[in-house]
Amino acid sequence: MQFLYAQTDRCLGCRSCEIACRIEHSEEKNLFSAVSQIHPPKKRLFVEQQGDRKEPVLCHHCDDSPCMAACITGSLYRDERGVIRRRDERCIGCWSCIMACPFGVVARDANLHLAVKCDRCPDREIPACVASCPTKALRLVDADMLSEERRQEYMLREEK
Amino acid sequence: MKRSTDKAVTHVLNNHKGGKQLQTVWDRYEAQQPQCGFGELGVCCRHCMQGPCRIDPFGEGPDRGICGATADTIVARGLARAIAGGTASHSGHALHVAHVFKKILAGKAPDYAIQDEVKLKAVAVRSGIDVEGRPVIDVARELLDKALSEFGDKGEPLTWAASTLPLGRIKVCSELGIVPTSIDGTIAEVMHRTTYGVDADPINILLGALKCAVADYTACHIATDLSDILFGTPQPVVSKANLGVLREEAVNIALHGHNPLLSDIIAQVASEPKLIAEAKIAGATEGLNVVGICCTGNEVLMRHGIPLATSSISQEVAIMTGVLDAMVVDYQCIMPAIATVAECFHTKVITTMAIAKMPGAEHMAFNEENAVECARAIVRQGIERFTYRNPDKVCIPQESSTAIAGFSAEAIIGALAKVNADDPLKPLIDNIVAGNIRGICLFAGCNTVKVPQDHNYVEMVKKLLAENVLILATGCASSAYARHGFMTSEATKEYAGEGLTAVLTAIGEAAGLGGPLPPVLHMGSCVDNPRAVDVAVAVANKLGVDLSQLPVVASAPEAVTEKAVAIGTWAVVGGFPTHLAWYRQCWAVSW
């Protein structure tokens, strides 16, 4: 299982990931035409800040996903990659998913009356946000590899 | 993405012996992808310490900075500062030539002289200086004082702008309030009005930017005029262009940057028998081979027929041939990467200007009071480095094209005078009126990593020539056309439409070329763009019309530098429909 992982001490808050996300979800997948769209494309992840800590807050595609459980029309579904996605025609704009998501990463497209969330860029091998991150704060990681990495970090910790 | 359409550059990129770790501008461009969207759109501002601020171009986040500046204000400030940066470059270039001129007149720079008295007198007369019966030195002093006063607090319209632009343009500038009264003062004014809490009206900021662009035009014109007076006004000259001009059996020294002050002296000393003998003793059986890169290359090509090795974007590639013994640089468009690339070869990178040093390069301070000795010392460095050349790393491409260059405004009018001595402009005007020449396009500017090198230049020029549009070129645009073989009589036959071919053939044969003029006329380095304006102004004045009424356009399809933004902007002020590719930091404005 792969997921997006934000290494928060590397995030500079440049919002490159947000822009890349919008471009990827625009009509022509190009910055200059994206900003000219009548309904500008929405972002699916959010760079937030508390104190000095900056971090892209993004969809975890949870195994027990509250958004999907809350979706009363079956618009939200899990695809073959394990990614929670939306069937446009079924979304009625009830926003139950927004209420249910503990991370606050489902948003509302007021123009299209659709719930908007990360679809992990189905047309790309590496999601646009990850590819755009200049400091490699955002990574696409394998869950098991990350726990292995964490164990190594733990072993290398400085004894106090 | 394809890196270059230049076969010589492509050959070296694919076959060089610098090792796998060697990185070029194209690798670094790739490593920078994707580039910051806020920066690309010009909607970030770092002009104060409360920032940086960014405007959300998608309209969801902040629509103004901390001070309240909108995207329009921020974009206008950024554009104005880019133009001021370009103007500062041309001001520095022109002032440098003026300072050397001053030393010459004071007898402190004995290696220089006034080489073109005809041009001196012509510029003096145009500037309102009485020349009748006066010694050359007196005229020169008065002209120099006038030139130097343009940079300071002159307090009245700049002579070089007011005396070279037609009345229609001067009227437009006066009405808009964009008549500069100081070159450096106008640059400072842009910096002032774009700093924290000064000018917030985007239109007003842009008017200030236009005024600065007129100051840039003035600085460029002074640089060209003074360089012509000191080193000679270019006349048609036949040379070669592309990396194939480098020679395995010679000491190869490249002159790179923008200014003729040092490069012209090196071009002169390189023919000294003593230095050639020293090169031969070092093992270079063919002696010395001085070549040009970028606009220093254009300066020495135009005046001395020194072959042009390559243009700005491929400056590293010249080193990667493994046979470049020294790269001597002055200023502008010199990538700091050349010192790193040179580490993979024996090439010595030599910086010469106090304001332009580089980690990893050797600095040999250039002293104009002792110019020839400095130039000789630099050439000797090249000869010394030749002995360190590694034959296993040699990779010289075959390609080089013949290039006819040297088309100053004076040279073009001179060629036209061969057709009609009494009224030189008449053949040009008659053919425009008759539709044989449908218009004139000036190609200027740089080579950018964002398209395969020269692609835009070559594709655009083929279409325009077929449509009987006469092409003028400066800077790295002219380098592109020289390297791709557009500066020959054969190119006229191959690419130009029927009407244009007939005109160029008539002029070329009258001028004794034995064939047509090239379809692309090399007018000089990028600072020399006013040469093209001078030709257009002569035509406009003769017809009694404004520049904006002529079928003349300008394009910088592969622009890179702030200088190109400044030049493109004064081309707009000049009334020419202008295409400046790649300045996209204005895309998110509201108008």
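**A helix start, then the interface**

Modeller: At the start of α6(A), a side-chain oxygen of A:Asp142 comes to within 3.0 Å of the backbone nitrogen of A:Asp144. The model is predicted: local features need pLDDT of at least 70, side-chain atom pairs count only at pLDDT 80 or more, and totals for chains, interfaces and linings use all residues. Residues are numbered from 1 along each chain as written, chains are lettered from A in written order, and side-chain values use heavy atoms, without hydrogens and water. Helix α6 of chain A (a DSSP run of H or I, at least four residues) covers residues 143-155.

Now the interface. Chain A brings 15 residues to the contact (heavy atoms within 4.5 Å) and chain B brings 13. About 1300 Å² is buried between them (accessible area, 1.4 Å probe, lost on being put together, summed over both), and carbon and sulfur atoms give 67% of that area. The rule finds three salt bridges across the interface (Lys or Arg side-chain nitrogen within 4 Å of an Asp or Glu carboxyl oxygen). A salt bridge joins the side chains of A:Arg22 and B:Asp56, at 3.4 Å from N to O. On the side of chain A that touches chain B, the elements giving two or more residues are α1 (16-24), α2 (31-34) and α5 (128-132). The largest share, three residues, comes from α2(A).

Methods
Buried area = accessible area lost by both parts, 1.4 Å probe. Expected span 1.5 Å × (residues − 1). Polar contact = N/O pair within 3.5 Å; in protein donor to acceptor, adjacent residues only side chain to side chain.
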